[in-house]
Amino acid sequence: MIGGGYVGLVSGTCFAEFGTDVAIVETNPDRLTALREGRIPIYEPGLDRLVEENVEAGRLTFGDDIAAAVKGADAVFVAVGTPSRRGDGQADTSYVYAAVEQIARVADGYTVIVTKSTVPVGTGREIAQIIRKTRPDLDFDVASNPEFLREGNAIQDFMRPDRVIIGTDQYKPEGTERAQNILRKLYRPLYLLETPIVFTGLETAELIKYSANSFLAMKITFINEISDLCEKVGANVNDVARSIGLDGRIGKKFLHPSPGFGGSCFPKDTRALTAIGRNAGSPVRLIETTVAVNEQRMKDMGERVITFAGGDVSGLIIGVLGLTFKPETDDMREAASIPVLDMLDKGGAKIRAFDPAGMTTARPVLPQSVTYCTDALDAAKGADILVVLTEWNEFRSLAPEKLAAEMKGRKIADLRNIWDPKAIKDAGFEYISLGRPDGVQPHQA
């Protein structure tokens with residue numbers, strides 16, 4: 001497994017749990033040292049225990065010697081970053097291609113080289129050309145095996161996935177039976193669970209990941225726009241979302257109004273898909289619009305808080321609950337808190353923030369003036385306004401009376417709809433949320 005980041009570490013550890021010998025190659029010295037010392041450099045519930053158990057069992061090792069890791073390997077997975085390229089939004093595949101060239105130089109015997117990284121359509125073909133140029137004598141196949149791991153639930157997603165996608169070069173004259181057989185063996189425990197395992201061509205597998213993430217991002221953006229409409233017409237977005245989600249053709253997931261989607265996948269993958277469409281002469285206009293609407297929504301959330309404050313936050317103390325793009329992760333990549341708090345800071349607000357896992361990762365990307373607090377009530381201390389930006393479960397159980405005892409003001413902007421409007425208003429607060437009429441209890445059947 002080339003790359004000990006989020007995807008590589010989780011995937012490699014879970015393969016080891018399946019009983020496979022896995023060597024994870026990590027070239028970042030600080031991360032490698034942490035892994036060797038048993039310190040997990042990412043926040044993912046349960047991963048520390050799983051790593052420890054498989055290291056002790058001798059199935060999982062960490063190192064920076066790619067030749068030693070690749071020697072004798074049946075399959076080598078590439079799980080390095082593919083960040084958005086500045087300017088055009090295309091995925092930067094330079095790390096992938098550099099890793100592939102290194103693999104080709106040291107591989108011995110037949111090897112399946114598999115992309116776990118999310119890569120643009122055509123990357124597998126380019127990888128094959130790089131390998132042939134670097135090692136004309138190497139016997140190999142290229143495969144695409146995109147990951148569908150949700151941060152905070154990644155281990156369960158790997159062990160009990162909805163499906164596994166494996167793309168191989170179906171135009172290869174001699175076929176790809178060898179590659180498919182090796183990957184079948186790797187995923188044999190999932191076969192026993194009757195997990196759908198879909199074999200496709202390379203281009204199809206590469207497009208599936210972008211299509212899936214873009215569709216989910218579009219679903220989030222859709223319910224956010226319906227939320228805005230609910231506020232205008234007096235409807236309740238919770239009831240709308242629940243009711244349409246009961247339709248089996250739609251489903252209930254990703255229908256929760258929010259300040260906008262963020263994280264390591266949705267923003268990057270939607271931009272990449274729009275770039276793929278442009279380059280192919282077949283623009284994906286729905287996703288282009290999704291990207292634009294989501295970016296604007298985050299800005300609108302900052303404006304919403306300022307308007308709630310009376311149009312001016314200068315000198316106000318604003319308590320903030322939640323910073324990460326979602327709960328159960330420390331990931332701050334493209335989190336809604338970044339543009340919202342930047343706007344409040346520029347407006348002269350004094351920000352007191354708390355996040356259960358993300359304050360260390362938040363410091364480099366948030367305004368330097370932000371004060372980081374010890375818990376939720378500490379963030380609320382002396383606040384004129386309290387703003388909820390991430391729906392951590394521990395925030396849901398906060399008693400309104402305790403918030404009132406800590407706060408100076410009586411305004412709460414709940415941008416994740418975690419509280420009952422009536423309970424908050426009964427405690428003496430002025431309260432706004434997303435897409436719900438003021439004071440209306442969400443319907444429960």
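Predicted model: local features only at pLDDT ≥ 70, side-chain atom pairs only at ≥ 80, totals over all residues.
User: In which sense do S3 and S4 pair?
Analyst: They pair in the parallel sense, over four bridges. Two strands pair if DSSP finds at least two bridges between them. Strands (E, at least two residues) and helices (H or I, at least four) are DSSP runs, numbered from the N terminus.

User: Ok. What stands opposite phenylalanine 77?
Analyst: Valine 114 in S4.

User: What is the strand order in the sheet?
Analyst: S3-S4-S5-S6-S7. It is an open sheet of five strands with mixed pairing.

User: Which strands stand at the edges?
Analyst: S3 (75-78) and S7 (197-201). Each has a single partner strand, so one side of each is left without a neighbour in the sheet.

User: And S4 with S5, how many bridges?
Analyst: Five bridges join S4 (residues 111-115) to S5 (residues 140-144), and the two run parallel. Threonine 111 stands opposite phenylalanine 140. Threonine 115 stands opposite serine 144.

User: Is S4 buried or exposed?
Analyst: Five of the five residues of S4 are buried, so S4 is largely enclosed by the rest of the structure. Buried means under 20% relative accessible area, exposed over 50%, and partly exposed in between (1.4 Å probe, protein chains only).

User: Which residues are on each side of S4?
Analyst: Thr111, Ile113 and Thr115 are on one side, with Val112 and Val114 on the other. In a regular strand the side chains alternate between the two faces of the sheet.

User: Which helix lies across S4 and S5?
Analyst: Helix H6 (residues 123-134), running at about 155 degrees to S5. Angles run from 0 to 180 degrees between N-to-C directions, and axes are lines fitted to C-alpha atoms, for helices over the stretch in contact. Contact means heavy atoms within 4.5 Å. Helix H8 (residues 177-186) also packs on the sheet, touching S3, S4, S5, S6 (164-168) and S7.

User: Where is arginine 132 found?
Analyst: In helix H6. Arginine 132 is partly exposed, at 47% relative accessible area.

User: New topic. Where is glycine 72?
Analyst: In the loop between helix H4 (66-70) and S3. Glycine 72 is exposed, at 56%. Its C-alpha is 6.5 Å from that of aspartate 108, 36 residues apart along the chain.

User: At what angle do H12 and H13 pack?
Analyst: About 145 degrees, with the axes of H12 (residues 266-280) and H13 (residues 285-308) 9 Å apart. From H12, the contact uses Thr270, Arg271, Leu273, Thr274 and Arg278. From H13 come Ile287, Glu288, Val291 and Glu295.

User: Last one. Which residues touch the most other members of the largest nonpolar core?
Analyst: Ile318, Leu321, Leu323, Leu341, Leu344, Leu403 and Trp419, out of 52 residues. A nonpolar core is a set of buried Ala, Val, Leu, Ile, Met, Phe, Trp, Tyr and Cys residues joined through side-chain atoms within 4.5 Å. A second, separate core of 40 residues includes Phe62, Met159, Val164 and Ile197.

Methods
Residues numbered from 1 in each chain as written. Heavy atoms only, no water.
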